[in-house]
Structure formats: C-alpha cells, structure tokens
Amino acid sequence: MSQTLALLLDAYRDLNSRRMFWIVLILSGLVAASFAAIGLTPTGFEIFTWKFSSFFFNSAVVSPGDFYKSIFLTWGIDLWLSSIAAALALISTASLFPDFIAAGAIDLYLSKPISRLRLFLTKYLCGLLFVALQIACFCAACFLVIGIRGGAWEPGIFLAVPIVVLFFSYIYCVCVLIGVWTRSSVAAVLLTLLFWVGVVSLHTTEVTLLTFQLTDHEAAHRIDIQIEGTEKHIAQVQNISATRPTTRSSARLSTLQSQLAEEQTRRSAYHYAFDRPHEIFYDAMIVLPKTAETVQLLHRMLISSARLQRVAGDQDDSNQNRVDLNGNPVPVAQLQAELNRRTAGWIIGTSLGFEAVILLLAAWIFCRRDY
C-alpha cells in the first residue's frame, strides 16, 4: 500500500508541475465567477454593476435559486465540464503514459519490485484523480455561488464529481490505449478526440432516428383513430339508409367513403421506415460508451435532488409545439419517456464494460512490451 501511495504522489507531482493543471483550475474559477457576476433583481437582472430592466426575466418570475441552478446545469455541466474542461483535461493527461514509458523514464520504476500491472493502474488512477480534483474545485465554487447569491444550498451539486469523472474515464481509457500503443501524446489526443466526436455523433443520430420513429408511429396511430371513427360513421349512415333511404344520406355516405379511401391511402404511406435504422444505431451504441447519456444522468439526479421540477416542466411545455418537416407534432414527452427508460445501470454498466475491455488491452500491451 505504501508503494502505491508513493506512486500516486509521484504521479500527482508530475501532473501538478504541468501548467495545464493550473490553467484549467484558473479557468474553472473564472467560469464560476461569471455565474456570480449575473444576478436577478425585482425589476430585471444585473451583470456586474450594470442593471437591466425586464418584465419576463426577474426575481418575481424566476427565483434566484432556480436561476443559478439552471445556469449550473446548462452552462456548468453541458458546456464547461462535459465539453471544454473535459477536452482540456484530456490534453493535460494525454502525455502521462507516453512520457512514462519513454526510454530512461520507466527504467527506474521497472528496477523496483513493483508489478507492471500496479504501475499501469496507478498511473491510470492518478489521471482520473487529477480530473476529480478539478471538478471538485469547480463544484465547490458553484456551491458557494448558488448558496450566497441564490440563497439555495444544494449539496446535490457535488454529484457532478463522480458522474463527470465516470464520463471522462470512458474517453480517457481510449487515450491511454493509444498512448501506450503509439507512445505519442499527439496521436493519443487527436485519435481520442476523433473517437469522442464519433461517439457523440452516433448518439445524436440514434436520438434523431428515435424521434423520427416515434413521430412516424404517432402520426400513423392518429390516422388509425381517424379511420376507425370514419368507419363507425359509415356504419351509422348505412343503418339509417337501410331503414330510411334519402338523397342526403346517400351523399353523406359517398362523402364518408371518399374520406375513408383518402385516410387509408395516407395510412399506407407509413411503412415505419425508421424502425430498422434506429435499431442498427441502437445496437451499435450498446457496445460503445454512453458519454452524452451519462451526463444526462446527472441532469436527472440534479433536477430531482435540487428541486428543479418546475424549471424542467416549463422547458417541456415549450417543446410541446415542436413539429417535424411534414408538420406532424413531435411527441416530446414520449421521446423523453423513452430516453428515461434507459436506466443508470444499463448506461453505466455497458459503458464500464467497454472501458474494462479497453483497459485490459492497454494493460496487456504495457505489461508485455519490452522497454
């Protein structure tokens, strides 16, 4: 245990000596400070010392606590932690393994009675601890901003630390594999970023196809209801015509039959063309890490623990009017329900399975290679 702690301390000193560590830390502090610079007033909002009047954006419409918690979700999580800060952390930790296995650097460690697997896992853990420290500092700053400026002390904000570290580990394991394999920091960063973009693109495509699929099914279901109603009307008119045939009932029957034929023609146009493409992309996602969905888990947890149901509900109501290119309403609530059915166990479990396979391959290369 003392050897492992000594390795962690040495790796931390190595990362701490890099300028990127302090650059990311300073940037995180500036992002948190920018949150504090924005405030709500009874008549509007203020930025630093400049005040602006607004009838739709003030403390009477949105409470300061909900305002700051919403900013933390949309800007702090989506934009900073899961995008910009993660990319900077990847750049700062990408050289950890290539520099470690460089000639003359690893010889000192291999001369000690320490297994290569322990060396590998310790270095990997240190990279994650580096990121965890950055996230913890940012969350602590945001916790103080929300508490002091918004009057809402929400310890649930610190859920971002394990969730974002978990999200980062999905892409960092790929960076470690490429770094061990190529011994190049540049290749590790570029190829990992390319992999990350590919995973995000795959997720976006899958959700888009799911939206089209649900919209297609919902439109077909509405036509089925219309056909069923038209058939009932035809049956009623036919019963009336059978007992009291009139010119008016015959015209009505002809109109309903034409309407039924038109509805059946429209119904035949729905072949559920998005079902199979969505199934292909969904199956591909099973074996890949769920970076975006892991971050969305944080949204679910924070919305629940930080009592943001009203803000989330307002956003859902604004999405009810969305329509596709054909003018069909998009079933936003049904789409969100489908995404929420993907449990945390499935999202994290399949992602950790991918990470375990990648780490095993990287560890095998690290342990078997001659230095």
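## Packing of H2 against H6

Phe-21, Val-24, Leu-25, Ser-28, Val-31, Ala-32, Phe-35, Ala-36 and Ala-37 of H2 are in contact with Phe-130, Leu-133, Gln-134, Cys-137, Phe-138, Ala-141, Cys-142, Val-145 and Arg-149 of H6; contact means heavy atoms within 4.5 Å. The model is predicted: local features need pLDDT of at least 70, side-chain atom pairs count only at pLDDT 80 or more, and totals for chains, interfaces and linings use all residues. Residues are numbered from 1 along each chain as its sequence is written, and side-chain values use heavy atoms, with hydrogens and water left out.

The axes of H2 and H6 lie 9 Å apart and form an angle of about 15°. Axes are lines fitted to C-alpha atoms, for helices over the stretch in contact, and angles run from 0 to 180 degrees between N-to-C directions. H2 and H6 are therefore roughly parallel to each other, a term for angles under 35 degrees. The crossing of H2 past H6 is right-handed, that is, the near helix is turned clockwise from the far one by less than a right angle.

## Overall fold

The chain contains 14 helices and three strands. Helices (H or I, at least four residues) and strands (E, at least two) are DSSP runs, numbered from the N terminus. Of the 371 residues in the chain, 44% are buried, meaning under 20% relative accessible area with a 1.4 Å probe, protein chains only. Among contacts in the chain with a separation of 6 or more, 79% join residues 24 or more positions apart.

## Nonpolar cores

The largest nonpolar core has 69 residues, of which Phe-72, Phe-120, Phe-138 and Tyr-172 touch the most other members. Such a core is a set of buried Ala, Val, Leu, Ile, Met, Phe, Trp, Tyr and Cys residues joined through side-chain atoms within 4.5 Å. Elements giving two or more residues to this core include helix H2 (19-37), helix H6 (116-150) and helix H7 (160-182). H7 gives the most to this core, with 16 residues.

Beyond its neighbours within four places in sequence, Phe-72 contacts Ile-77, Phe-138, Cys-139, Cys-142, Ile-146, Ile-157, Ala-160 and Leu-302. Another core, of ten residues, lies apart from the largest one and includes Ala-219, Ile-227, Ile-234 and Val-237.

## Arg-267

Arg-267 belongs to helix H9 (residues 247-268). Arg-267 has a relative accessible area of 18% and is therefore buried. Leaving out residues up to four places away in sequence, Arg-267 touches Ala-220, Ile-223, Asp-224, Ile-227 and Tyr-272.

Definitions and conventions. Buried < 20%, exposed > 50% of the residue type's maximum accessible area, 1.4 Å probe, protein only. Parallel < 35°, antiparallel > 145°, perpendicular 65-115°, else oblique.
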